[in-house]
Amino acid sequence: MHCPALPDGFDFTDPDLLQARVPHPEFAQARRTAPVWWCAQPPGISGFDDEGYWAVTRHADVKYVSTHPELFSSHTNTAVIRFNETISRDQIEVQKLIMLNMDPPEHTRVRQIVQRGFTPRAIRSLEGALRARARSIVETALAEAADDDTFDFVTRIAVELPLQAIAELIGVPQEDRTKIFDWSNKMAAYDDPEYAITEEVGTEAAMEIVSYAMNLAAARKECPAKDIVSQLVAAEGEGNLQSDEFGFFVILLAVAGNETTRNAISHGMHAFLTHPGQWELYKRERPVTTAEEIVRWATPVVAFQRTATQEVELGGQRIGKGDRVGLFYSSANNDPEVFTAPGTFDITRDPNPHLGFGGGGPHFCLGKSLAVLEINLIFNAIADVLPGLRLAGDPRRLRSAWLNGIKELRVSPR
């Protein structure tokens, strides 16, 4: 089926498109006229030897696919909807070792182990340290900007708390957090020429993380500490992660816990500064609904994919076994069937059944509570320390096929 308003060759995963904007008008047209739409691609352009994917744009359909892993696999082709065309199938296969790209029952086994580190009690235990870190990050940014008219919000503020939270969570020395930042950037930014990152460099970065994490795991097995690493790997075997499994879990943390939360914070700040009434409301009342609306508005992961395990009907379309299916969270989070005035940034929005943490099912974001905590803490600190922050330029966006990323956001401290 063709979508009448979309020209031939249009592709929601075109990295040039997403560098310029999130295609909300095109998503709206697709939801109205072809909510499950075949997007043709030249074979190999996404790293897959096929002719395209089905673009799923309605909230209800994204939830359906997400909650039926027996019909839609994360493992077959991984959850990443578009790699660079130079990637090899062997490089894709290696990524199946990451929990994001597993199916039940293996996914169930690994998730049951790693979720020990994300219990409400575990997250509460981090809150005091992260609150102090958030305050320190913003105060340091203000001090360093004393003689500057503007500074980059992304590098001075947005990147720091997610990195420090990951370091706090898994017991990485804080001085090593910049290594995690560098490695995760190399894995996620392969489509952006500014970073000159190739698939090979990204793979090397992934292996660096695995190696670092395995060494950390080995040290904890020899000398356990009171941290999540010791809980997960202290005794390999039933109920624990092997060292290499822990390494691939840290890869997931580095990207899912760092890139996404950083971009949510960056988009959230941009939203506040372009909606000054909302910023004034936040500073005055600090609504508990704020973080969820920031994630809905930002939707840092534009899309993931699944692969049909059998022939199945979805949204009136017959999807063939082996067809790739794109879950466009950015579209689902603006579906007017679910959200009143979805184009309005409203930090009091309640209820807010957005899919920014996934569409439910086995892959619902394990770190949701931590991400919400980080967003709340950093914006509380900004409101207290930098209440007069102003926008000093348009954001520079990341060139990516599936991340809604901001590379730079110039702001003025006063």
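Mentor: Let's start with a word we'll need: contact means heavy atoms within 4.5 Å. Keep in mind too that this is a predicted model.

Trainee: Which residues does methionine 269 touch, leaving out those up to four places away in sequence?

Mentor: Phe153, Trp279, Phe379, Ile382, Leu389 and Leu409. Each has heavy atoms within 4.5 Å of methionine 269, so each counts as a contact.

Trainee: What makes a set of residues a nonpolar core?

Mentor: They have to be buried residues of the listed nonpolar types, joined through side-chain atoms within 4.5 Å. The largest such core here has 132 residues, and those with the most contacts inside it are Phe12, Phe153, Phe246, Met269, Ile378, Phe379 and Ile382. Helix 12 (residues 243-274) gives this core its largest share, 15 residues. In soluble globular proteins, nonpolar side chains tend to be buried together.

Trainee: How do you know that helix 6 and helix 16 cross, and at what angle?

Mentor: Look at the axes: those of helix 6 (residues 120-144) and helix 16 (residues 368-385) come within 9 Å and cross at roughly 35°. The crossing is right-handed. Among the residues that meet are Leu126, Leu130 and Ile137 from helix 6, with Leu373, Ile378 and Ile382 from helix 16. By type, the residues of this contact split into 14 nonpolar, 1 polar and 5 charged.

Trainee: Why is helix 14 called largely enclosed?

Mentor: Because 8 of its 9 residues are buried, and buried means under 20% relative accessible area. The buried ones are Thr290, Ala291, Glu292, Glu293, Ile294, Val295, Arg296 and Ala298. Their cover includes helix 12, helix 13 (276-285) and helix 16.

Trainee: What follows helix 14?

Mentor: Threonine 299, with a positive phi near 40°. Threonine 299 sits in the loop between helix 14 (290-298) and strand 5 (303-308).

Trainee: Is threonine 299 buried or exposed?

Mentor: Its relative accessible area is 2%. The cut-off for buried is under 20%, so threonine 299 is buried.

Trainee: What makes the link between threonine 299 and asparagine 333 a polar contact?

Mentor: Their side chains are joined at 3.0 Å, and the limit for a pair of N or O atoms is 3.5 Å. Threonine 299 is also in contact with Tyr329, Ser330 and Asn404, among residues beyond four places in sequence.

Trainee: What is the phi of threonine 78, and what of alanine 341?

Mentor: Threonine 78 has a phi near 70°, and alanine 341 has one near 45°. Both are positive values in residues other than glycine. Most residues other than glycine have a negative phi.

Trainee: How do you know that the bond from proline 104 to proline 105 is cis?

Mentor: Its omega is near 5°. The bond from aspartate 350 to proline 351 is cis as well, with omega near 5°. Proline 105 lies in the loop between helix 4 (89-94) and helix 5 (106-114), and proline 351 in the loop between helix 15 (329-332) and helix 16.

Notes:
Residues numbered from 1 in each chain as written. Predicted model: local features only at pLDDT ≥ 70, side-chain atom pairs only at ≥ 80, totals over all residues. Heavy atoms only, no water. Helix = DSSP H or I, 4+ residues; strand = E, 2+ residues; numbered from the N terminus. Buried < 20%, exposed > 50% of the residue type's maximum accessible area, 1.4 Å probe, protein only. Polar contact = N/O pair within 3.5 Å; in protein donor to acceptor, adjacent residues only side chain to side chain. Axes fitted to C-alpha atoms, helices over the stretch in contact; angles between N-to-C directions. Left-handed = near helix turned anticlockwise from the far one by under 90°. Nonpolar A, V, L, I, M, F, W, Y, C, P; charged D, E, K, R; others polar.
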